[in-house]
Amino acid sequence: MNLSLLIILPLLTALSILPFKDLRQVRLISLIGSFLQLILAFTLLYFYWNARSSGNTAIMLFENNYTWYAPLNINYHVGVDGISIAMILLTAFIVLAGVLVSWNVEKLSKEFFFLLLFLSVGAYGFFISLDLFTLFFFLEVAVIPKFLLIGIWGSGKKEYSAMKLALMLMGGSALVFVGLIGLYLNTNTGNGEHTFDILQIAQMNIAPQIQKVFFPFVFIGFGVFGALFPFHTWVPDGHSSAPTAASMFLAGISMKLGGYGCLRVATFLMPDAAHEYSWVIIVLASIAILYGAFATMMQTDLKYINAYSSVSHCGFVLLGIGMLTKTAITGAVMQMVSHGLMTALFFACIGMIYDRTHTRQLAQLGGLMKMMPFISTVFVIAGLCSLGLPGFSGFVAEVTVFMGSWQHADSFYRIATIVACASIVVTAVYILRAVGKAIMGPLQVAGNNPLLTDARWNEKWAASLLIIGIVAIGIAPFWLNDLIIPGTETLMKNIGKIVYR
Amino acid sequence: MPTEFLYLMKAELMITVIIFILLFLKLGNKEMKNESMLNFVNILLLINLASGFFYISKGNLFGEMFRTNELITLEKNFLNLGTLIISLQSYHWLKNHKHVPEFYMLLLSTLLGMFFMISSGNLLMFYLGLELSTIPLAALSNFDLDKRRSSEAAFKMIISSAFSSGLLLFGISLLYGSTGTLNFAEITTQLNGNALQIFSFILLIAGFGFKISAVPFHLWTADVYEGSPVAVTSYLSVISKGAILFVMVSVFYNVFTAISNSWYNMIFLISIATMIIGNLFALRQQNMKRFLAFSSIAQVGFILVGLSAQSIAGSSSVIYFILIYIFSNLGAFGVISSVSAITGKENMNDYKGFYKTNPLLTWVLAISLFSLAGIPPMAGFFGKFFLLFAGAGKGNYLLIVIAALNMVVSLYYYLKVIKAMFMDANENSIEKIKTNWQPKIALAICVGGILITGIASGAYNYIHSLLSMY
């Protein structure tokens, strides 16, 4: 299977909506395109399983390697392992759900769908890249569409949020860039040439003192994308100002770029430094988890609630990565997938509620279950998944991270684990409070808007799609686990080389 | 000998012929309409550009005074391309201008000067070319004949260029005094890095610094850019800068290898200062031309990072970046020039709500600005990053960290324009602009160049292969 299809298909879809003016045609083409993406992602999954079950044990499958800039040894090198496929599946789910949710975007609809699809090009490209330059290229491709999506279609202080997001993410990628150049110039393919190839660099054993210099650049850079404390401040503003689909993309895909980058580039290529700095990562992640959870308690705006809880949940991803054990890293990847689906569902619900009530303030909402049973039920499901109820994906992922973390016998790691665990209680508080206030209780709606219709077909489909994903992972986590484990083992081969001191 | 002479000086001869054709047209009795005159000139420029790609030869003339090879021809082609784009873009402005032939005669004279400068194998030749390329530019800055700011710009331009030429001349004479020759090849062998030579080198760099408006020699830039007609501003910021940078890459670069250490330190400091100051000043500009002036100062800072590398990768990234810079900056200037020629509006606030009325022009400007900011998939991304790769090759990561952070700062002001165009509401935004096909073609070339030169690696690989040959 040719992986470049994953880039070409959304790109073609985006380009083919350009000649059309009418909202109906534009959204139809986008829907078809994003549905094909989902099919493509599942086909990829199928081929991958086939290849693995027939005994193909290569690190990366479906590799393609074309020379791009020969003098600088830059190649267009793509390939996937289980981790990338999990991410690709997540992206496909969210793109389709995002297109469905934005079914009625009247304002500049063509541009809106174009940017959404263009953003997905960046995400797919990022997840399949095996060349650091290509990876960086796609990472940056995904930044500017976010700026425009938030700034044009957003609400509230959208210009401020858009600018903050774009500058912080570009600052992050500038750090990544410095780190990548540093890595590149310290590689040697044997004849004095440098390389960007991830698989080659992984074999090279970059000197530990060099790793120690460049690991912080790469990790913090990707950490900005993945809401690493204290670089998470773009998250609440960005998410809350963004239009619904853009919030879903931001939380569901964009923040995962950071986690994936931390894993695939920072820890995989610089394992010595990862061990050296793991305590810093763990401390920061624990702070993010706790701080995010407590900050959420104080929020009154539904989108801010979800945005801060995203900071907290993404903290688990970084915590899992910082623990550097196989189980914890598997858990981190699972948490990325789970959080992506769950938070997208949350944002979709909030968008639906906002469309109808024109408010996101908890104080002005109440008793929505009476008027909008479907949306309210979905909201409750998303909430339960967020607080880690068994049966949903959040539970599986978080438990895996905790188990992986507990494998360290050292008391430092155990304390961090306990602190992270404790945040679940706080999560339960704010989720249940939000659900209780908005969904249950007496009917209370700002402006006495009587036209509180329930979800339309497109919204139902979007929500169902995401719920299917959440429940499929929650009830039968083994398939995701089996998918991820070979990828994690590859990572561990490098990370585990260094005996923990 | 005669035929060889024709081949080797083909680019220069073509320009001279065009200048003479224009001169005869001007002298002829029959009045030509401006529109047909402009179309005629553009066709001539197109032929000129096309001719650059055939019969490429290499060799020396006049006792190594003049030399040419594939790389130099390529650089001249870039400049030809830029001139053609500018000429197409200034259609609206020149359509109602009284002195079209004069404009082109002056413009092409400067281009001729740049060609001689790039081809020079001798300091004297270089200086002659430089003067030929500078003096008509001052006259060109004054080409908005009824605007006071334009004359002011011309005056500032002529004074600052005279000063910088003085510095250069002083440097050249000191260099002559210490090495006893004006020939580049011989200078190279005579250089030993004594104090006199270093001092003359400093003077040379200062002179160059003026021309490419590197900090601290940048103070004339903003006023001249703002006062001059947009066509001249874009010519100044792209073609004339590009020519000087070409000279630095392909001529001086090889001459001063003996004192590469001081070369590196100086370029390093100037580059950091240029990036930071250019960016800081660009942050607060309201006039679009001033804004692009400062942003182009910052861009020069990035180019100097590549120049400091002293490697083939460095030189090729500089030449490659100039090609991209021609497309990106001219794309931005093209839109601004059409808007300014038709509505007279040049302020950033006027561009609020631009997307509502002129979606296509907005996208062109946005793509150009993204390319300048270094956002993929535009070519500017590749250009900038290759510059930084090359600059890092020396192992000086401090420079790269500063440059990378500066990219973030620069993104802020580019995004400010984007924000004004896409997001801000405006009651009296610029009305729908009807452009002729000539500026449209120019913009299409720019956008095409921006989208293709990065993704397709051919241009960079070709430049790199040419540089590896010498």
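What follows is a short chat about chain shape, helix packing, a hairpin and the chain contact.

Q: What kind of model is this, and how are residues numbered?
A: It is a predicted model: local features need pLDDT of at least 70, side-chain atom pairs count only at pLDDT 80 or more, and totals for chains, interfaces and linings use all residues. Residues are numbered from 1 along each chain as its sequence is written, and chains are lettered from A and ligands numbered from 1 in the order in which they are written.

Q: How many helices and strands does chain A have?
A: Chain A has 20 helices and four strands. Helices (H or I, at least four residues) and strands (E, at least two) are DSSP runs, numbered from the N terminus.

Q: What box do its C-alpha atoms fill?
A: Roughly 75 × 60 × 45 Å for chain A, along the principal axes.

Q: Helix packing next. At what angle do α3(A) and α19(A) cross?
A: Roughly 160 degrees, for α3 (residues 82-101) and α19 (residues 457-475) of chain A, with axes that come within 8 Å. Axes are lines fitted to C-alpha atoms, for helices over the stretch in contact, and angles run from 0 to 180 degrees between N-to-C directions. The two helices are therefore roughly antiparallel (angles over 145 degrees).

Q: Which residues of α3(A) make the contact?
A: Phe93(A), Leu96(A), Ala97(A), Leu100(A) and Val101(A). Among their partners in α19(A) are Trp461(A) and Leu465(A). Contact means C-beta atoms, placed from the backbone, within 7 Å.

Q: Where's the hairpin?
A: β1(A) and β2(A) form it, with four residues between them. Asn73(A) in the turn has a positive phi of about 60 degrees.

Q: How many bridges join the strands?
A: Six, between β1 (residues 61-69) and β2 (residues 74-80) of chain A, which run antiparallel. Asn64(A) has Val78(A) as its bridge partner.

Q: Now the chain contact. How many residues from each side?
A: Chain B puts in 28 residues and chain A 25.

Q: Which element of chain B gives the most?
A: α19(B), with twelve residues.

Terms used
Two residues are in contact if their C-beta atoms, placed from the backbone, lie within 7 Å. Two strands pair if DSSP finds at least two bridges between them. Angles under 35 degrees count as roughly parallel, over 145 as roughly antiparallel, 65 to 115 as roughly perpendicular and the rest as oblique.
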